[in-house]
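Work through the exercises below with the model open. Try each task before reading its solution.

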Amino acid sequence: MATWTPRTWTGLAALSGLSAVALGAFAAHGVTAPKPVEWLHTGSLYQMTHALAVFAALALHRAGAKGMGVVAGLFLGGTLLFSGSLYAMALGAPRVLGAVTPLGGLAFLTGWAVLAWRAFTLPDQD
């Protein structure tokens with residue numbers, strides 16, 4: 001299994017941000033049904049937020065925080081599950097796929113908890 005490097009995190013976060021913008025634009029200009037628009041909007045908002053959070057994990061990694069690869073993986077995996085399930089339903093997948101969405105939310109929450117825990121373990125720098 002390949003090691004996730006900061007270059008990998010940066011590239012995946014950038015692609016995640018790119019697709020968040022594209023799907024948000026699609027929600028604004030290419031879809032008219034209210035529920036799919038809502039799903040696309042929510043998915044793109046959470047995806048963009050967590051793409052940026054991967055960059056925060058990278059910054060903490062560079063500052064010496066441990067476990068930031070786990071954090072990046074949780075944020076990116078959460079995006080696939082949370083936003084991906086919303087996108088799929090907006091594009092016509094069965095609504096039962098919405099059962100996957102909370103698993104992505106749990107990945108997000110776990111990522112934020114690990115990020116906070118590891119950030120608080122950094123030594124103070126004056």
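**Exercise 1. Find the aromatic cluster and take apart one of its pairs.**

Solution. Tyr46, Phe82 and Phe108 make up a single aromatic cluster. The model is a predicted one, in which local features need pLDDT of at least 70, side-chain atom pairs count only at pLDDT 80 or more, and totals for chains, interfaces and linings use all residues. Residues are numbered from 1 along each chain as its sequence is written, and side-chain values use heavy atoms, without hydrogens and water.

Step 1: list the pairs. Over the whole structure, four aromatic pairs turn up. Rings of Phe, Tyr and Trp (its six-membered ring) pair if their centres lie within 6.5 Å; planes under 30 degrees apart are stacked, over 60 edge-to-face, and the rest tilted.

Step 2: classify one. The ring centres of tyrosine 46 and phenylalanine 108 are 6.2 Å apart and the planes meet at 25 degrees, so this pair is stacked.

Step 3: Tyrosine 46 belongs to helix H2 and phenylalanine 108 to helix H4, so the pair ties together parts 62 residues apart in sequence. Helices (H or I, at least four residues) and strands (E, at least two) are DSSP runs, numbered from the N terminus.

Step 4: Buried means under 20% relative accessible area, exposed over 50%, and partly exposed in between (1.4 Å probe, protein chains only). Tyrosine 46 has 36%, so it is partly exposed. Phenylalanine 108 has 4%, so it is buried.

**Exercise 2. Classify the pair of phenylalanine 75 and tryptophan 112.**

Solution. Step 1: read the geometry. The centres lie 5.0 Å apart, with 50 degrees between the planes: a tilted pair.

Step 1: Phenylalanine 75 sits in helix H3 and tryptophan 112 in helix H4, 37 residues apart.

**Exercise 3. Describe the overall fold.**

Solution. Step 1: count elements. The chain holds four helices and zero strands. From the N terminus the order is α-α-α-α.

Step 1: size it. Along the principal axes, the C-alpha atoms fill a box of roughly 50 × 30 × 25 Å.

Step 2: Of the chain's 126 residues, 34% are buried.

Step 3: look at contacts (heavy atoms within 4.5 Å). Among those in the chain with a separation of 6 or more, 73% join residues 24 or more positions apart.

**Exercise 4. Which residues have the most contacts inside the largest nonpolar core?**

Solution. Step 1: define it. A nonpolar core is a set of buried Ala, Val, Leu, Ile, Met, Phe, Trp, Tyr and Cys residues joined through side-chain atoms within 4.5 Å.

Step 1: The largest core has 25 residues, and Trp9, Leu40, Val54, Met68, Val71, Phe75 and Leu115 have the most contacts inside it.

Step 2: trace the suppliers. Helix H1 (6–29), H2, helix H3 (68–90) and helix H4 (101–120) each give at least two residues to this core. H3 provides the largest share, ten residues.

Step 3: Apart from neighbours within four places in sequence, tryptophan 9 contacts Trp4, Val54, Ala57, Leu58, His61, Met68, Gly69 and Ala72.

**Exercise 5. Is serine 16 buried or exposed?**

Solution. Step 1: locate serine 16; it is in helix H1.

Step 1: read the value. Serine 16 has 6% relative accessibility, so it is buried.

Step 2: list its contacts. Beyond neighbours within four places in sequence, serine 16 touches Gln47, Ala51, Leu76 and Thr79.
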